[in-house]
Amino acid sequence: MSVHATKRRLAPADIQALKGERPIVSLTAYTTPIAKLLDPHVDFMLVGDSLGMVLYGLESTVGVTMDMMIAHGQAVMRGSNRACVVVDMPFGAYQESKELAFRSAARILKETGCSAVKLEGGAEMAETVAFLTSRGIPVLGHVGLMPQLINTTGGYRSLGRSEKEVEKIRRDAKAIDDAGAFAIVIEGTVEPVAREITGQVRAPTIGIGASPACDGQVLVVDDVLGVFTDFKPRFVKHFANLAPLMSEAFAAYAQEVRDRSFPGPEHTFQVKKPTA
Ligand code: KIV
């Protein structure tokens, strides 16, 4: 039976089973209204820690907290009932030990009702991924460019251009795959490396800036809508251009308030005259 013929929410295992069947579709979601609009169209929604930069104006994802991830995870769960929902583990919530990672992930699953967590890291996180998956917590891996490491890597450039980088991404993806991740995000990685990894790992690969060779794609929803326009990396496509439309709407509202044409009679409550 196809996963779309069923009414239940897609599970991480359903996402994994799509490898080799058809491309996997994912976008980030942070709020209830966006989750409602996305739900019919994506296989899984990622409550990404990118919300720190996109919604809160932080300079990197490092400042994102568990409370932020849980509040937005709950909002996305309230707006969806079909797509699988994966919530990012924020920086500091899992790197220290596999036990801390389990406590953080269990809290995210219990308090949001989502069915999986994502964490960044390669070979150094493999033991943690195995610890979580063997104890009932499905994990989406994340290798290649890892934004939470910005303070040690120093930038957001694409990877895989030197033999040393290629070898590291290969080793990271294999370690996370062997550890039992149900899927692996590959971010900011040149096409031949993404293609090679996709062909070698059991888990589906989900690319963001990692070419069409991956088993699926994910993008930040505000990028897709053309709302977040501070910068546009090469891998982003604006499928709509909402920022100017929103600006126009705000300007029109301001104008109508100033010239007193809004609110009009149709927006105004009056006291009904009593009937004789
Ligand atoms: O935080 C995020 O939104 C992500 C995706 C961009 C993969 O990690």
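Trainee: So, what covers the buried residues of α6?

Mentor: This is a predicted model, mind you. In it, the cover over the buried residues of α6 includes α5, β4, β5 and α8 (163–178).

Trainee: And which residues of α6 are called buried?

Mentor: A126, T128, V129, F131 and L132. The word applies when relative accessible area is under 20%, so these five residues of α6 count as buried.

Trainee: Then why are α8 and α9 called roughly parallel?

Mentor: α8 and helix α9 (residues 191–200) pack at about 25 degrees, with axes 10 Å apart. The cut-off is under 35 degrees, so α8 and α9 come out as roughly parallel to each other. From α8 the contact uses V166, I169, R170 and A173; from α9, V193, E196 and I197.

Trainee: On to the sheet. How do you know that β4 and β5 pair?

Mentor: Count bridges. Strand β4 (residues 116–118) and strand β5 (residues 139–144) have two bridges between them, in the parallel sense. At least two are needed, so β4 and β5 qualify as a pair. As for a bridge partner, K118 has L140 in β5.

Trainee: Which strands make up the closed barrel?

Mentor: Eight of them, in the order β1-β2-β3-β4-β5-β6-β7-β8, with parallel pairing. Neighbouring strands are turned by 25 degrees against each other on average, direction ignored. Helix α5 (residues 98–112) lies across β3 (84–88) and β4, at about 130 degrees to β4.

Trainee: Last one: which residues touch the most other members of the largest nonpolar core?

Mentor: F44, M89, V117 and L132, out of 79 residues. Helix α4 (residues 66–78) gives the largest share of this core, six residues. Take M89: leaving out residues up to four places away in sequence, M89 touches Y94, A101, S104, A105, I108, V117, K118, L119, L132 and Q148.

Notes
Residues are numbered from 1 along each chain as its sequence is written. This is a predicted model: local features need pLDDT of at least 70, side-chain atom pairs count only at pLDDT 80 or more; totals for chains, interfaces and linings use all residues. Side-chain values use heavy atoms; hydrogens and water are left out. Helices (H or I, at least four residues) and strands (E, at least two) are DSSP runs, numbered from the N terminus. Axes are lines fitted to C-alpha atoms, for helices over the stretch in contact, and angles run from 0 to 180 degrees between N-to-C directions. Contact means heavy atoms within 4.5 Å. A nonpolar core is a set of buried Ala, Val, Leu, Ile, Met, Phe, Trp, Tyr and Cys residues joined through side-chain atoms within 4.5 Å. Buried means under 20% relative accessible area, exposed over 50%, partly exposed in between (1.4 Å probe, protein chains only). Angles under 35 degrees count as roughly parallel, over 145 as roughly antiparallel, 65 to 115 as roughly perpendicular and the rest as oblique.
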